[in-house]
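Keep the model in view while reading.

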Amino acid sequence: MHHGNAPSGLLARIRLYDQQEAAAHEPLRPVAGWIAGHVARPHPDLGRRGAVCPFVPLAQRLGLIRFALADPPVHDEDGLAAAVAALKAHWLAMEPVSGQHTIDKTIVLVLPGVAAATVIRVHDRFKPEFVADGLMLGEFYPGHPGPGLHNPGFRPLHCDVPLLVARSMVGNDLPFLTERRYPPDRRAGFVESFLRHQTGASAGTRERARAELEHARDELGHPLPE
């Protein structure tokens, strides 16, 4: 693994395991099983065809999913913030660092015993920084109320163990960046980052992104420049 410019002390805050190691490691085994048996497969309540997360099957086949545990384990917000900074540094350093399969690499930070409220606060704090770099930071925890895109009754973000997941931003992420629960200044920043990083997104997606940006700017009273 090549570590770019990340300080080794930061990288040491979490320890990475590949899929085989995770399946044999007690704290990671249930999450590795959940990803293989649920996230990477179709579900009758999903509301569309294909896997619950359409990118996971290929990432699995390519061996580009890593599982991570904080070292030492974290419980409070400061400890989790340090682990998330390490998560981002590891994702950026993880091979491949360029080329078409960069979008397939994923790191799942497994957080046994961390309160959902702590996960929510740290996710909220770090998501803008991830998005600004063309990454997504996903949050999963027991009872997560977030609805599915295609079936509001489906709860794709529920997991028995809290997780934070780092992956590449893709064209399909626009709906996750424009949720109305975000204030307009945050939505505007997210969409600006999306347009900057997703130059290859379809014309329709980029058009929707521009409309979302205009909407957020209108709410802020800052129209788009002509």
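Helices (H or I, at least four residues) and strands (E, at least two) are DSSP runs, numbered from the N terminus. By that count, Glu179 falls in the loop between helix 7 and helix 8 (184–197). This is a predicted model, in which local features need pLDDT of at least 70, side-chain atom pairs count only at pLDDT 80 or more, and totals for chains, interfaces and linings use all residues. Residues are numbered from 1 along each chain as its sequence is written, and side-chain values use heavy atoms, with hydrogens and water left out.

Start with the whole chain. Its secondary structure comes to nine helices and five strands. From the N terminus on, the order is α-β-α-α-α-β-α-β-α-β-β-α-α-α. The radius of gyration is 17 Å, close to the 17 Å of the globule rule for 226 residues, so the chain is as compact as a globular protein of that length. That radius is taken over C-alpha atoms, and the rule is 2.2 Å times the number of residues to the power 0.38. Along its principal axes, the C-alpha trace spans about 55 × 45 × 35 Å.

Next, burial and contacts. Buried means under 20% relative accessible area, exposed over 50%, and partly exposed in between (1.4 Å probe, protein chains only). Of the 226 residues, 44% count as buried. The chain exposes about 11,200 Å², and carbon and sulfur atoms supply 54% of it. These areas come from the Shrake-Rupley method with a 1.4 Å probe; for residues, only the protein chains shown count as cover. A contact means heavy atoms within 4.5 Å. Among contacts with a separation of 6 or more, residues 24 or more positions apart account for 68%.

Look at Leu109, in strand 3 (106–110). Its relative accessibility is 0%, so Leu109 counts as buried. Beyond its neighbours within four places in sequence, Leu109 contacts Ile14, Ala68, Leu69, Ala70, Leu80, Ala83, Val84, Leu87, Pro162, Leu163 and Leu164. Leu109 and Ala166 are 57 residues apart in sequence, yet 8.1 Å apart in space, C-alpha to C-alpha.

His123 sits in helix 6. Its relative accessible area is 5%, so His123 is buried. Not counting residues up to four places away, His123 touches Leu137, Gly138, Glu139, Leu164 and Tyr182.

Met169 lies in the loop between strand 5 and helix 7 (174–177). Leaving aside neighbours within four places in sequence, Met169 is in contact with Val131, Gly134, Leu135, Met136, Leu177, Phe194, His197 and Gln198. The C-alpha atoms of Met169 and Ile103, 66 residues apart along the chain, are separated by 7.4 Å.

Two other residues are partly exposed. Glu179 has 26% relative accessibility.

Now the backbone. Most peptide bonds are trans. The bond from Asp71 to Pro72 is cis, with omega near 0°. Pro72 is in the loop between strand 2 (65–70) and helix 5 (77–93). The bond from Glu95 to Pro96 is cis too, with omega near -5°. Pro96 is in the loop between helix 5 and strand 3.

Finish with the open space. On a 1 Å grid over the protein atoms alone, a pocket is an open set of points where a 1.4 Å probe fits, with protein on both sides within 12 Å along at least five of seven lines; lining residues have an atom within 4 Å of a point. Grid points are joined across faces, edges and corners, and a volume is the space filled by probe spheres set on the points. The largest pocket holds about 1,100 Å³. Of its 43 lining residues, Phe140, Pro156, Leu157, Arg167 and Phe176 are the closest to its centre. Elements giving two or more residues to the lining include helix 3 (29–39), helix 6 (116–132) and strand 5 (163–168). Strand 4 gives the largest share, five residues. The lining divides into 27 nonpolar, nine polar and seven charged residues. Here Ala, Val, Leu, Ile, Met, Phe, Trp, Tyr, Cys and Pro count as nonpolar, Asp, Glu, Lys and Arg as charged, and the others, Gly among them, as polar.
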